[in-house]
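Student: Could you walk me through this structure, and tell me what stands behind each term as we go?
Tutor: Gladly; let us look at it together.

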Amino acid sequence: MANRTQNDAKSIHGTNPQNLVEKITRNKIYASVYWKKDCFGLSAETLVDKAVELKYIGGMIGEPQKPTEFICLILKMLQIQPDKEIIIEFIKNDDYKYVRLLGAYYLRLVGKAYDVYTYLEPLYNDFRRVRVAQADGTFALSHIDEVVDDMLRKDYLFDVALPHIPMRHLLEKAGTLEPRISLLDDEEVDRAIAEAEQQAAAAAQEAAAAQEQLQAATAAAGRGE
């Protein structure tokens with residue numbers, strides 16, 4: 001059947017992968033026109049053709065609540081379970097920002113903590129704007145780094161309960177992860193150094209000007225002016 005999980009799909013977090021999406025949401029996805037028309041027959045290889053067409057992210061939208069194309073594709077991925085290599089290519093795709101977020105969100109649902117942090121944290125350095133569908137039918141602007149932060153910190157996102165993962169500092173303490181080094185930290189250090197150098201140069205100029213004034217005043221006093 002079109003809604004059945006692929007026979008050779010592996011159990012994820014001890015359950016059928018599609019069960020990661022709540023039943024009421026799954027049923028609304030199954031009943032949607034996009035699922036029946038565009039997701040039917042999709043394979044891991046043809047999924048990308050639909051992914052590049054995404055214009056926003058989100059879960060359920062409007063009244064009555066209808067599934068976004070984004071969450072429909074997520075359920076399809078849970079159904080067909082693409083190879084990890086395909087998901088990593090989605091995440092590394094720098095040309096299509098919604099393809100990147102599709103891969104990141106899927107990995108957050110099915111991945112182990114090490115992989116989640118390893119492949120999602122680099123996206124903290126992607127500041128491109130994205131559209132996020134809201135439950136009331138409107139759209140909000142966010143940024144890729146903010147959405148990724150929600151994936152790593154929140155328990156519920158896009159109308160799906162996110163599987164629990166240990167906090168990063170616990171994995172660092174256990175030796176599973178190395179401390180994260182942010183490129184932004186380096187940029188902030190460089191900016192601070194540049195600002196300090198500018199302040200030092202301005203202070204030197206002020207000191208030189210004050211010295212010249214003092215010398216001029218001393219000279220004038222010596223001439224009895």
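Tutor: Leaving aside neighbours within four places in sequence, D126 is in contact (heavy atoms within 4.5 Å) with D94, R100, I144 and D145. This is a predicted model, where local features need pLDDT of at least 70, side-chain atom pairs count only at pLDDT 80 or more, and totals for chains, interfaces and linings use all residues. Residues are numbered from 1 along each chain as its sequence is written, and side-chain values use heavy atoms, with hydrogens and water left out.

Student: Where does D126 lie?
Tutor: D126 sits in the loop between α7 (113-120) and β3 (129-133). Helices (H or I, at least four residues) and strands (E, at least two) are DSSP runs, numbered from the N terminus. The protein has 10 helices and 6 strands.

Student: Why is D126 counted as buried?
Tutor: Buried means under 20% relative accessible area, exposed over 50%, and partly exposed in between, using a 1.4 Å probe and protein chains only. D126 has 6% relative accessibility, so D126 counts as buried. Of the 225 residues in the protein, 40% are buried.

Student: What makes the link between the side chains of D126 and R100 a polar contact?
Tutor: The distance joining these side chains of D126 and R100 is 2.6 Å. A polar contact is a pair of N or O atoms within 3.5 Å; within protein, one must be able to donate a hydrogen and the other to accept it, and residues adjacent in sequence count only if both atoms are side-chain atoms.

Student: R100 is in α6, I see. Why are α6 and α8 called roughly parallel?
Tutor: The axes of α6 and helix α8 (residues 144-153) cross at roughly 10° and come within 10 Å. Axes are lines fitted to C-alpha atoms, for helices over the stretch in contact, and angles run from 0 to 180 degrees between N-to-C directions. Angles under 35 degrees count as roughly parallel, over 145 as roughly antiparallel, 65 to 115 as roughly perpendicular and the rest as oblique. Therefore α6 and α8 are roughly parallel to each other. Their contact involves K97, R100, L101, A104, Y105 and R108 of α6, with I144, V147, V148, M151 and L152 of α8.

Student: And what makes α5 oblique to α6?
Tutor: Helix α5 (residues 84-92) packs against helix α6 (residues 97-110) at about 135°, their axes 6 Å apart. Because of that angle, α5 is oblique to α6. Among the residues making this contact are I87 and F90 of α5 and V99 and R100 of α6.
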